[in-house]
Amino acid sequence: MRTGYDVDTVRAAEAELMARLPPGTLMQRAAAGLAAACADLLGRVYGTRVVLLVGSGDNGGDALYAGARLARRGAGVSAVLLAPDRAHPEGLAALTRAGGRVADDPYEVLAVADLVLDGITGIGGRGGLRPDAVPVARAARGSNALVVAVDLPSGVDAGTGAVSGEALRADATVTFGAYKPGLLIDPAREYAGAVRLVPIGLDLPSVPAVEALQHAAVADLLPTPAAESDKYRRGVVGVVAGSARYPGAAVLAVAGALRGGAGAVRYVGPGGDAVIARFPETLVSDGPPAKAGRVQAWVVGPGLGDGPGVEEVLASDVPVLVDADGLRGLDPDAVRARPAATLLTPHAGEAAALLGVPRERVEAERLVSVRELAARYGATVLLKGSTTLVADADGPVRVNPTGTPWLATAGSGDVLSGLAGSLLATGLPARDAASAAAYLHGLAGRHAAQGAPTTAYAVAEALPGVWRDVARASAG
C-alpha cells in the first residue's frame with residue numbers, strides 16, 4: 001500500500017530527524033538517492049549533459065548536491081540559478097568543486113540537455129510557478145531532455161494535488177521520505193510522471209493522510225463464500241434504477257451488482273423487462289422498495305430520472321448507496337440521521353452541486369472537496385474521476401490507482417454503483433466497499449479497453465477476470 005503524508009507531518013518528521021543527525025546529512029541522503037535515480041534514467045552518466053533548475057529552497061540544494069555527484073561521474077552539469085542570491089551555498093560550492101558550472105545562458109544549456117533536474121520549488125510551493133520561472137520551465141519542457149522533479153513537480157500543491165497556476169510537467173519524480181498527496185491525486189499526479197520513493201529515515205505516524213490500495217490489500221477485502229453459505233447469507237442487494245427514458249441504467253447497475261459478491265440481486269423499477277431479458281437470475285419486483293423483500297443494502301439513483309424510491313430507500317435501516325439522479329437535492333440532515341451507512345458516489349459535477357460550488361473548483365481541489373462532502377453529509381463519499389477518491393469522517397482518504405480514461409463512457413458509473421452496492425450487501429464497511437469497487441472497476445476498465453474504446457457492459461463482463469487476478473494476490 002502506498003501512503004501519503006501531508007506537508008506539516010513530513011516537515012515535522014524531517015525536523016525531528018535532523019535534530020539527531022550531523023548537519024547536512026538528510027540532504028546528502030536525498031541527493032544520493034536522486035543522483036542514483038538520474039543515473040538509472042540516463043543509462044550512462046559519462047558524457048551526458050545535465051541541467052539543474054535551482055530555486056532558493058532545500059529542493060535547490062538537493063539538486064545541486066545530486067548534480068555534484070553526477071559531475072564526479074563524468075556528466076557535464078550546468079546550474080540555472082533562479083534566485084542567485086539565495087541558492088544553497090554549500091550545494092553550489094560542492095557542484096563547482098566537482099566540475100559543474102553556473103550557466104550564463106539558461107536557454108543555451110537547456111537546448112542540448114539530456115536530463116533536467118527540477119529543483120525550483122519544494123513542498124511549500126503554492127499557486128504555480130513564479131512568472132520569472134515560467135519561461136525557463138517552458139524551455140525545459142520543450143527540450144528533448146528527460147525532466148526529473150526533485151521531491152515533486154514545481155508549481156503543484158504537495159498537500160492537495162491542486163494545480164492553480166503553471167507547473168513543470170515531469171517525466172519522473174524522485175520523492176524523499178514519503179509520498180505526498182499531490183503525487184497521488186490529480187491534477188498534480190499527471191505532472192509527476194513515474195514516481196520513485198527514496199527512503200531517508202523519517203519516523204512517520206501510523207495513520208497517513210492518504211493511502212492507495214494495491215492488489216494484496218484489496219484481495220483481503222473481497223468476500224469469499226463459506227461452505228455453509230447460501231444466496232441469502234452471502235447478502236442480497238436491492239437496486240432502484242432506470243426509467244422509461246434510461247432503461248439501460250437498470251441493466252448496467254444490475255450487471256455490476258451481480259458481479260460484486262452478493263448472493264442475489266433484487267431489482268425495483270420500470271426496467272424490469274430489460275433486466276430480466278439480460279439477467280434472468282435477477283429478482284424483479286413491481287412494487288415499491290419496502291415491498292421488494294429483504295435486502296442487506298440498497299443502490300438507488302442510476303438513470304432514475306424523477307422516479308420514486310430515493311426517500312423510501314433512505315428511510316431503510318440498511319446501508320444505502322446513492323448515485324446519479326438520487327443525488328439531486330439530497331438533504332444532508334436526512335443522510336446524517338440515517339441509522340446505517342450511506343455511500344455517495346458523485347462525479348465532479350454532482351459533487352459541485354452538492355457543495356454549491358463551481359465544478360472547476362471540485363476538479364482543481366479534489367482532496368479538499370471529497371473531505372468536505374464527507375463531513376457535510378456524515379457519509380462515505382466516492383468522488384469519481386481520473387483519480388477516484390474515497391473519504392469518510394475518519395481515517396485516511398483512499399486514492400484509487402487503477403483505471404483508464406477509456407472508462408469515461410456512458411453507463412460506466414452505473415456498473416460501479418452496482419458493484420459497490422453488492423459489496424456493501426456482503427457486509428463490507430462503506431469505505432472498504434467503495435475502495436474495492438473502485439479498484440476492481442478500474443482494472444476491469446483497463447482489461448476491457450486495452451487501449452481502445454470500450455463500453456460499460458464490456459467493463460461489467462471483465463469484472464470476474466480481474467476479481468480472480470486480485471484474489472490470487474492473497475492466495476499467493
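Predicted model: local features only at pLDDT ≥ 70, side-chain atom pairs only at ≥ 80, totals over all residues.
**Entry 1: α16 and α17**

I looked up how helix α16, residues 412–425, packs against helix α17, residues 430–449. The angle is about 140° and the axes are 8 Å apart. Angles over 145 degrees would count as roughly antiparallel; α16 and α17 are therefore oblique to each other. I noted the crossing of α16 and α17 as right-handed.

I then listed the residues that make the contact. From α16 they are Ser 412, Val 415, Leu 416, Leu 419, Ala 420, Leu 423 and Leu 424. From α17 they are Ala 430, Ala 433, Ala 436, Ala 437, Ala 438, Leu 440 and His 441. I sorted the residues of this contact into twelve nonpolar and two polar, with no charged ones.

**Entry 2: salt bridges, whole structure**

I searched the whole structure for salt bridges and found 20. I looked at some of them one by one.

**Entry 3: Arg 431 and its partners**

I started with Glu 211, which forms a salt bridge with Arg 431; the closest N and O atoms are 3.1 Å apart. Glu 211 lies in strand β9 (residues 210–212) and Arg 431 in helix α17, so this pair ties together parts 220 residues apart in sequence. I checked burial for this pair, and both Glu 211 and Arg 431 are buried. For Arg 431 the relative accessible area is 14%.

I found that Asp 392 also forms a salt bridge with Arg 431, with the closest N and O atoms 4.0 Å apart. Asp 392 sits in the loop between β17 (389–391) and β18 (397–399) and Arg 431 in helix α17, so the pair ties together parts that are 39 residues apart in sequence. I have Asp 392 down as partly exposed, with a relative accessible area of 23%.

Which residues are linked with Arg 431 in a network of salt bridges? I noted Glu 211, Asp 392, Arg 398 and Asp 432.

**Entry 4: Glu 372 and Arg 361**

I looked up the salt bridge of Glu 372 with Arg 361, where the closest N and O atoms are 3.0 Å apart. Glu 372 belongs to helix α15 (residues 366–377) and Arg 361 to helix α14 (residues 359–364), so the pair ties together parts eleven residues apart in sequence.

Are the two residues buried or partly exposed? Glu 372 is partly exposed at a relative accessible area of 25%, and Arg 361 is partly exposed, also at 25%.

Note on methods: Residues numbered from 1 in each chain as written. Heavy atoms only, no water. Axes fitted to C-alpha atoms, helices over the stretch in contact; angles between N-to-C directions. Helix = DSSP H or I, 4+ residues; strand = E, 2+ residues; numbered from the N terminus. Parallel < 35°, antiparallel > 145°, perpendicular 65-115°, else oblique. Left-handed = near helix turned anticlockwise from the far one by under 90°. Contact = heavy atoms within 4.5 Å. Nonpolar A, V, L, I, M, F, W, Y, C, P; charged D, E, K, R; others polar. Salt bridge = Lys/Arg side-chain N within 4 Å of Asp/Glu carboxyl O. Buried < 20%, exposed > 50% of the residue type's maximum accessible area, 1.4 Å probe, protein only.
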